[in-house]
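Look at the sequence and the model below, and keep both in view as you read the paragraphs that follow.

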Amino acid sequence: MDLLTELTNLLGAGQVLTGPDAAPFLTDWRGRYTGAALAVVRPGTTDEVARVVRLCRRHAVPIVPQGGNTGLAGGATPDAGGRAVVVSTRRLDRLRALDIDDDTITVEAGCVLQAVQDWAREAGRLYPLSLASEGSCTVGGNLATNAGGTQVLRYGNARELALGLEVVTAQGEIWDGLRGLRKDNTGYDLRDLYIGSEGTLGIITAATLRLYPLPVAQCTALVALPSLETAVALLALARSGFGAALTGFEVMSHASLDVVTRAFPDQKLPLGPTPWYALLEVSDSESAEHAQERFHAVLQRALEQGLAQDAAVAASLAQSRALWHLRESISAAQSWEGKNIKHDISVPASRIPAFVAATDALLQAAIPGVRHITFGHLGDGNLHYNVSRPPAMAEPDFLLRQDEIYRLVHDSVHAHGGSISAEHGIGQLKRGELARYKSAVALDLMRRIKQALDPDGLMNPGKVLP
Ligand code: FAD
């Protein structure tokens, strides 16, 4: 029997998509990659996922796991060959358990991140992973890419929030590692192997996630900064002043917010023009009075020390949301202006000013007039270092320089002791670049892990490993 018939017998015709029904699953979020597939299948249980994997394996057909398809590295898009089966996890969307005593939630991999946040909030708890794509991305995709976001500074990224996983292996077995233990030193950490593996080792089908108490009060402010050096100094001051209460510290260049106010004229900057801005958020577990008192004291110190020129403190939830909305609109505003070349990098926070100065200068020398849209999670040393074309350069001419720009920026990241991917992963976008910056020993170990867990090479081929 052919594979398509076997898949249809297993899942029912409605869950095996081909032709136009499959098309939305075959192009990535940014419209950068379009692939082809034998079918897109939508299993509804872990057992069905395992059976799908075993069928594909018997027919030697590659498998591409896919969650919300919001990834930015082309990891969930099959190649153009048309042989692969895309396994969409979106029907694995059940809340399996919410344990208040242990502060854990166990959910299936296709649950949308926002649904998990809502379930936690309804139980008086916080699931702190927070990304602009949270209305579409899934728990499985978050874990497979080890997603970050705006609260990593306090709560860590997806890896730190995962206590246990359930995985369908490349052989089609089910590994139940869903225990929500905080401590477990019984040998190799299989959970951590699957997290960040971008679907190349197995399919995550469920996860037990860590919950936190909901904050009692939050304070948010946009701060005007004379330089990136002062942003780093302000971060140190905020860390010592707020301790674990500091839950957000974002930086944005003037050019980043300028494009937002041009693209979306209803969004207003509450401060005058300045080279850099920081968005600070503090979450307090005591009271609103305690939060505000401490917040104002630290901001006052920053103003006195010349680390801040001015600050707009949100006086209401609506004002706080408006400040975050400015930050979260930068990517959309950039798209409004046209295509740009994105880098999702990290360097040690203390080296960010030197990295930005050196890389800006190298780019200007290579492409005079190029525009730098630089913003990101300074607290994690993670910058979105995006590059837009000079106004006088035609977009196609600019895009022809893409590889040169990647190389220049990534070489500079490497020279500053950083990583070429801090959030979005490698996927198919940065596969070639990985070969350049990972050591031969690291690459060899990665290949041996892949060989051990997926000996037939059927899990998401052509992704991550060069
Ligand atoms: P997909 O896009 O479906 O898949 C991503 C990768 O994971 C692919 O390699 C896929 O094969 C694999 N995969 C998916 N599900 C599984 C599974 N169950 N088992 C095994 N492998 C699987 N990322 C950040 O880290 N921080 C951000 O702040 C951030 N902001 C974003 C904002 C926007 C507007 C957008 C569009 C994206 C953003 N991203 C961000 C990137 C993206 O949202 C995240 O990487 C997200 O975690 C991907 O989840 P997904 O379900 O959409 O995964």
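Is cysteine 56 buried or exposed? Cysteine 56 has a relative accessibility of 0% and therefore counts as buried, a word that means under 20% relative accessible area, with exposed meaning over 50% and partly exposed in between (1.4 Å probe, protein chains only). Cysteine 219, at 8%, is buried too. This is a predicted model, in which local features need pLDDT of at least 70 and side-chain atom pairs count only at pLDDT 80 or more, while totals for chains, interfaces and linings use all residues. Residues are numbered from 1 along each chain as its sequence is written, and side-chain values use heavy atoms, with hydrogens and water left out.

Aromatic rings come next. The whole structure contains 4 aromatic pairs, where rings of Phe, Tyr and Trp (its six-membered ring) pair if their centres lie within 6.5 Å, and planes under 30 degrees apart count as stacked, over 60 as edge-to-face and the rest as tilted. In the pair formed by phenylalanine 355 and tyrosine 385, the ring centres are 5.5 Å apart and the planes stand at 65 degrees, so this pair is edge-to-face. Because phenylalanine 355 belongs to helix α13 (residues 352–366) and tyrosine 385 to strand β18 (residues 382–388), the pair ties together parts that are 30 residues apart in sequence; helices (H or I, at least four residues) and strands (E, at least two) are DSSP runs, numbered from the N terminus. Both phenylalanine 355 and tyrosine 385 are buried.
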